[in-house]
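Q: I would like to go through this structure with you, a few residues and helices at a time. Could we begin once it is on the screen?

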Amino acid sequence: MRTAKTPDVEEQILALLRSEKTFERGFRLLMNTYKERLYWHIRRLVLTHEDADDVLQNTFIKVYRGIEHFEGKSRLYTWLYRIATNEALSFLESRRRHYAAALEDGEHALLQRLQGDAWFDAEKLQRRLYEAIAHLPERQRLVFNLRYFEEMPYEEISQLLNTTVGALKASFHHAVKKVETYIAEHTE
Amino acid sequence: MSQENIREELAGLGSTLPVEGREEGLHVPKGYFEQLEDRVLQRIAAEGIQRAPLKGTLRLSARQILSWAAVAAVLIGSIWLIRSSQPAASPTALPALTAEEAAAYLQEHPDLIRPEEWDAALIEEVDAAAAWDTSVSWELLLRDWTAEELEQLEL
C-alpha cells in the first residue's frame, strides 16, 4: 500500500521553505521526500528513464520557481503531482507534435523508445504490460497508472485531475480491458 | 486504498492483470536518486534560475530602513509646510464676487485704487489679451495714441 507522506513532513517542509535562511534545506527535504514517488509517476507516463529524468528535473525547477504560489489549499504532494503530471503531459504533447511533423506514428515511436531503453528489462508478461500501457491514450494511461500502480483512491485522483469519480472509474475499466486485449493478442 | 481493494476491483472486472510483480521491468541507474537533489540544485545555479521572494519574508537592510525613514520625514514636513502657509478660512469672509461685479464696484469707486495700480491693471489687461489675440492687444495699446505719436513709431 502506498500512502501519502504525513502532513507532519509537509508542515516541516513548508516551515523551512518560509524562511530565506532555511529555504535550501527545505527544498532539499521536499525533493528527498517526493523524488521517488514523482519519478515513478512520471516514468510510467513517459516510459523511458532519460525522459523521466528530464521531466522530473523540470518539475522540481518549476516548484523552485513557483513555490510562493502554493497557497495551502490542497496538500503539498497533490500540488506537486499536478505539476509533475502537467510537465509529463506537456512533454508527451511536444513529442507527439515532433512525430507528427516527421510523419511518424507517435504510439509506435513511444513503443520503440521503451523497447530501446537500457533501463527497461522486463520478463515477457511485464514487457507486454508496458507495451500495452504505451498504447493507451495519455489521459487514460494517467488514470490507469494512478489506480493500478499507485493505488491512489478515486477521490484523490478526482482532486488531482478535476474529473468526477464516475468518469475515472469508467476510464480505468476501459483501460484495463484494452491492456488485457493487447496482452492476449501479443502472447504466443 | 489498500492492495486488497485493487485486487477486488480487478476481480470485479473479471481481469487477470497481475498485482504482484507489476512494477518489475523498469529500472534506474545505480545512485540515481541519491544524486538527484545535487543535480537539480547545480542546474538551478548554472542556469541562474531565480525564484520570487516568499510571502511574508520581506527583509530590509538598515540602509534601506534609513532611506525610507528620510523620505517619509521629508514628505510629512512638506505637507505640514503647505498646510501652514494656506490662509485659514474666515467665518466672516464675504461671499465671493464675480469679476463683473468687482469691476463695476471699482468703476463706481475709483478713489479706492491708486494711479500706479491702474497702470499695473492696464498692463495686465494688455498681457492677458495678447496671450490669445494679438490684434486686440494692438488696439488696446494704440487706441489712445495721437496721430503724431503713431508717425514717430514708423509702423
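Q: Where is E151(A) placed?
A: E151(A) is in the loop between α7 and α8 of chain A. Helices here are DSSP runs of H or I with at least four residues, strands are E runs of at least two, and both are numbered from the N terminus.

Q: Before we go on, what kind of model is this, and how is it numbered?
A: This is a predicted model, in which local features need pLDDT of at least 70 and side-chain atom pairs count only at pLDDT 80 or more, while totals for chains, interfaces and linings use all residues. Residues are numbered from 1 along each chain as its sequence is written, and chains are lettered from A and ligands numbered from 1 in the order in which they are written.

Q: Back to E151(A): what is its phi?
A: The phi of E151(A) is positive, about 50°, although the residue is not a glycine.

Q: Now helix α8 of chain A. Which of its residues are buried?
A: In α8, residues 154-161 of chain A, the buried residues are Y154(A), I157(A) and L160(A). Seen down the axis of α8(A), these buried residues fall within an arc of 120°, so they line one face of the helix. The arc is that of the directions from the helix axis to the C-beta atoms.

Q: What follows α8(A)?
A: N162(A) follows α8(A), and its phi is positive, near 55°.

Q: How far is Y154(A) from K169(A)?
A: From C-alpha to C-alpha, K169(A) and Y154(A) are 7.5 Å apart in space, and they are 15 residues apart in sequence. K169(A) is in helix α9 of chain A and counts as partly exposed, with 15 C-beta neighbours inside 10 Å.

Q: How does α9(A) pack with α7(A)?
A: Two packed helices are described by the angle between their axes and the distance between the axes. Helix α7 (residues 138-149) and helix α9 (residues 165-185) of chain A pack at an angle of about 90°, with their axes 9 Å apart. Axes are lines fitted to C-alpha atoms, for helices over the stretch in contact, and angles run from 0 to 180 degrees between N-to-C directions.

Q: Parallel or perpendicular, then?
A: α7(A) and α9(A) are roughly perpendicular to each other. Angles of 65 to 115 degrees count as roughly perpendicular, under 35 as roughly parallel, over 145 as roughly antiparallel and the rest as oblique.

Q: Which residues meet there?
A: On the side of α7(A) they are Q140(A), V143(A), F144(A) and R147(A), which meet L168(A), S171(A), F172(A), H174(A) and A175(A) in α9(A). This contact of α7(A) with α9(A) divides into five nonpolar, three polar and one charged residue. Ala, Val, Leu, Ile, Met, Phe, Trp, Tyr, Cys and Pro count as nonpolar, Asp, Glu, Lys and Arg as charged, and the others, Gly among them, as polar.

Q: Changing topic, how many residues of chain A are in contact with chain B?
A: 36 residues of chain A are in contact with 32 residues of chain B, where contact puts the C-beta atoms of two residues, placed from the backbone, within 7 Å. The elements of chain A that give two or more residues to this side are α2 (23-46), α3 (49-66), α6 (124-135), α7 and α9. That side of chain A divides into 17 nonpolar, six polar and 13 charged residues.

Terms used:
Buried ≥ 20, exposed ≤ 12 C-beta atoms within 10 Å, placed from the backbone.
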